[in-house]
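Colleague: Before we go through the fold, please put the model up. I would like to take the sheet and then the helix that goes with it.

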Amino acid sequence: MKLPKIKTIRNKILLVFSMTFFVLLIVLFLVIRVFLVDYFQSTNHRNMRNEANRFVQDFRSGDSETAIDTVSKNTGARVFLFNKDLQPVATPAAWQNNLLFSTDDIRMLYDHAAATEGYFTVLGGDIPDEQTMVYTLLFGNGTMLMLTKAMGLVGEASRMFFSFMMLSSIVVYLVGLVIIFLISQSLSKPLTELNRVTRKMASLNFDETLAVKGNDELAELTGSVNQMADALSGTIGKLHQSNEQLEQELRKERSLESMRRRFVADVSHELKNPISVILGYADGLRMGLPKTQKETQEYYEVIVDEASGMSDLVKNLLDLSSYESGSFTLHKEPFSLRELANQVIERFSNIQDEKDVRIELMADGPCELTADRLRINQVLSNLLGNAIKYVDDRGSIRLELHQEGGNIRLIVANSGPPIPTQELKLIWNSFYRVNTQRSGNGLGLAIVKSIAEMHGGSVHAYTEDGFNCFAVTLPL
């Protein structure tokens, strides 16, 4: 049968205490049983010897009765005096009548006393209760002092002692059990807390630290665990940071590779048609298809227009590629965004007249901005060009500049058919066009988004009150 495991330290401490207590109690009982008689005899021997030597001095002073009473009181023994003829001298009659030794025993004791300076022995049977301790000392004119004490006292004392020990051991064990329980609970509480917090640390949760109390080994362990947690937290934080940087680098690398592939695919797609047109008209010129000067001039104009469109496309693609790859360096300088907006609007004045549209500028002051002036000029030009392209006839365009906290919000809004909600987020993608019937390559808004993000800003498109609105937020 397998015993259940004792899991808690408190239970282990209680078990160890109980086992130790019982083992020590058994050892104590064994020691008492084995050595009590010898200890009782040696103690009485030493006491009898000391009192016998004192008795000799008092006896010589002439006060024999007082000396006998003193020795009897201090040793608990009966006192006998015998002359060299082994006749009792100055001994109480009651003691003489109870003398259990024969004349031969007394003679043997007298001879031993004469041969030594004090003789101690135990007479009687094999059972301690039937034995008697005897100490004899020869002094003066051959007088022998004999002290006798029954061993029956040790048996009675032993039984009383064992009984008392059993009762007192139960009381001491119960009191000790309560004390050990309280102490073990006090000791196990910080260990339980230590275990709880370290389990959280094992799950890489270092939000909680341990309270260090006192200056003992447990306090040192708690402090060491806190230091370890701080070190692990810092190391894991650095690892997370390194991993994030590595993931960013990998994402950037994958993005660059994707951009390269997309660039090749987009360029191939967008250049396919104009190259075909140029080749077709060039072949027509080579074969002399145009018969008049006017037709020849039309062929030339088509080739130039297509080549110009291809040049613009390649330029926009190269700009967009450099923006998105992060290889482009901004040259920031302070300037007035309102002043730059007026200049861009002025450049579009001829187109406004042709389409009969009105561009209205609304600005909250000069709107000072620190940014790359040339790239922000490109943002304004692309947004206004896109608005003019899609505005309805005799419509209106608003260019708004608002300072909001630490940002400037640039909004270009044009009247016209609203952009479908599902396409509002797609219009910032490269080559995406809401109306494919219109001219253009769909790169203008993608370039706007890239320039805004390079400046730490953002873009947003929405419809409001019959206007399609394109917002760019830039930090001051």
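Modeller: Two strands count as paired if DSSP finds at least two bridges between them, and helices (H or I, at least four residues) and strands (E, at least two) are DSSP runs numbered from the N terminus. This is a predicted model, in which local features need pLDDT of at least 70, side-chain atom pairs count only at pLDDT 80 or more, and totals for chains, interfaces and linings use all residues. Residues are numbered from 1 along each chain as its sequence is written, and side-chain values use heavy atoms, with hydrogens and water left out.

Colleague: Over how many bridges do β3 and β4 pair?

Modeller: Strand β3 covers residues 132-139 and strand β4 covers residues 143-150. M133 stands opposite K149 in β4. The two strands pair in the antiparallel sense, and the count is 8 bridges.

Colleague: What is the order of the strands in the open sheet?

Modeller: The pairing is antiparallel, and 5 bridges join β1 to β4, with L81 opposite L145 in β4. The sheet is open and has 4 strands, in the order β1-β4-β3-β2.

Colleague: Which strands stand at the edges?

Modeller: A strand with a single partner has one side left without a neighbour in the sheet, so it is an edge strand. That applies to β1 (78-82) and β2 (119-123).

Colleague: Is T148 buried or exposed?

Modeller: T148 lies in strand β4. Leaving aside neighbours within four places in sequence, its contacts (heavy atoms within 4.5 Å) include F80, F101 and M133. Buried means under 20% relative accessible area, exposed over 50% and partly exposed in between, with a 1.4 Å probe and protein chains only. At a relative accessible area of 9%, T148 is buried.

Colleague: What angle does the direction of α4 make with that of β3?

Modeller: Helix α4 (residues 103-115) packs on the sheet and touches β1, β2, β3 and β4. Axes are lines fitted to C-alpha atoms, for helices over the stretch in contact, and angles run from 0 to 180 degrees between N-to-C directions. The angle with β3 is about 55°.

Colleague: Which residues of α4 are buried, and what arc do they cover?

Modeller: An α-helix has 3.6 residues a turn, so residues three or four places apart point the same way. In α4 the buried residues are I106, L109, Y110 and A113. They lie on the same side of α4 because the arc around the axis, taken from the directions from the helix axis to the C-beta atoms, is only 105°.
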